[in-house]
Amino acid sequence: MEQRFVMKCGGSTLAALPASFFEELRDLQAQGVKVVIVHGGGPAISETLGKLGIESEFVGGLRKTSNEVLDVVEMVLAGRINKEIVRRIQQSGARALGLSGVDGELIQARPVANAAEIGFVGDVTDVNAAIIEGVMNMGYIPVIAPIGIDAAAQRYNINADTAAGAVASHLGVERMIVVTDVPGIMNGEKQVLPSVTVEQIEAMIASGEIYGGMIPKVRAAIACIQGDVKEVVIVNGDMPGVLSKAVLEGGIGTRIVQQ
Ligand SMILES: Nc1ncnc2c1ncn2[C@@H]1O[C@H](COP(=O)(O)OP(=O)(O)O)[C@@H](O)[C@H]1O
Ligand SMILES: CC(=O)N[C@@H](CCC(=O)OP(=O)(O)O)C(=O)O
């Protein structure tokens, strides 16, 4: 059966991804494995906001997003970061096409429940899977920035883990790989857990062992595996051979699987 997976690349790790990471991606594509990338870029957004003297804060892991912040989020994610990833993939010899969730209404969104407090932050309502499939069938790796749009053409800032999970669910891929700056979910003793259940995740959030940026990842993973996605793997992108291990072999990172 054709192998397809969604890969979320976190902003925490993008700059550190070695050329070998993109070469592995190229080799997987050459073997007929189809990949869709959804990326973040939180640190780059914060850096640019800082340079512009625009204040930003996070509420429950999500960036409070005014119209002014939204302009910067779109500029950094759909511009600088998206094109940087496309360039690096092309440099490896593979083909990539960059899109934001606004293009072709790829990621449809609505305001989050606490929008009165955090502004233009969105939840995904639908994903135009036909566009993503069309791009993949043309032999390109779709590279998607997590900006959403609604019927009134309002843009929304969407957490990249949430967007990647929604894309994985709507495409019905078997697997989502979450590439970040830690080798997996770690317990209190800093040991990487090879796999975790939904119950263990809830207990680790309650105890504070899972905190901060790991929370949207595990929440997106739980939402995904309640649909067609069979497993979500959280890995560190700077380990050699990480992609083929995560996709073809196993035994790397932390797996969150259907029970
Ligand atoms: N139990 C945990 N195991 C590993 N990392 C964790 C855990 N709980 C919280 N984290 C934090 O989550 C971070 C990854 O999330 P984040 O910084 O948002 O990355 P990204 O930009 O890749 O989305 C790690 O660097 C770590 O500080
Ligand atoms: C609503 C919200 O918080 N959006 C994120 C989008 C980028 C993101 O999620 O990037 P990482 O994957 O690098 O964390 C933000 O503004 O930072």
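Which residues of the largest nonpolar core touch the most other members? In this predicted model, the largest nonpolar core holds 79 residues, and those touching the most other members are Val6, Ile37, Val167, Met176, Ile177 and Val232. Helix H3, which spans residues 67–92, supplies the largest share of this core, with nine residues. In soluble globular proteins, nonpolar side chains tend to be buried together.

Apart from neighbours within four places in sequence, Met176 is in contact with Phe5, Val6, Lys8, Ala164, Gly165, Ala168, Cys224, Val229 and Val232. Two of these partners, Val6 and Val232, are themselves listed with Met176 among the core residues that touch the most other members.

The UniProt record, an unreviewed entry, carries the annotation "binding site" for Gly41, Gly42, Arg63 and Asn157. These residues are spread over 117 residues of sequence, yet they cluster in space, the largest C-alpha distance being 12.0 Å.

Two of the annotated residues were examined further. Arg63 lies in strand E4, which covers residues 62–63. Arg63 counts as buried because 21 C-beta neighbours lie inside 10 Å, where 20 or more are required. Beyond four places in sequence, the contacts of Arg63 are Ser56, Phe58, Val69 and Asn157.

Asn157 is placed in strand E10, residues 155–157. Asn157 also counts as buried, because 27 C-beta neighbours lie inside 10 Å. With neighbours within four places in sequence left aside, Asn157 is in contact with Arg63, Thr65, Leu70, Val73, Phe120, Val121, Gly122 and Ile147.

The surroundings of the two ligands were then described. Ligand 2 is surrounded by 16 residues, of which the closest are Gly11, Gly40, Gly42, Arg63 and Ala160. Helix H2 (42–51) and strand E4 are the elements that give two or more residues to this shell. By residue type, the shell around ligand 2 consists of six nonpolar, nine polar and one charged.

Conventions: Residues are numbered from 1 along each chain as its sequence is written. Chains are lettered from A and ligands numbered from 1 in the order in which they are written. This is a predicted model: local features need pLDDT of at least 70, side-chain atom pairs count only at pLDDT 80 or more; totals for chains, interfaces and linings use all residues. UniProt positions are given in the numbering used here, feature names are shortened, and annotations may be inferred rather than shown by experiment. Helices (H or I, at least four residues) and strands (E, at least two) are DSSP runs, numbered from the N terminus. A residue is buried if 20 or more other C-beta atoms lie within 10 Å of its own, exposed if 12 or fewer, and partly exposed in between; C-beta atoms are placed from the backbone. Two residues are in contact if their C-beta atoms, placed from the backbone, lie within 7 Å. A residue is near a molecule or strand if its C-beta atom, placed from the backbone, lies within 6 Å of it. Ala, Val, Leu, Ile, Met, Phe, Trp, Tyr, Cys and Pro count as nonpolar, Asp, Glu, Lys and Arg as charged, and the others, Gly among them, as polar. A nonpolar core is a set of buried Ala, Val, Leu, Ile, Met, Phe, Trp, Tyr and Cys residues joined through C-beta atoms within 7 Å.
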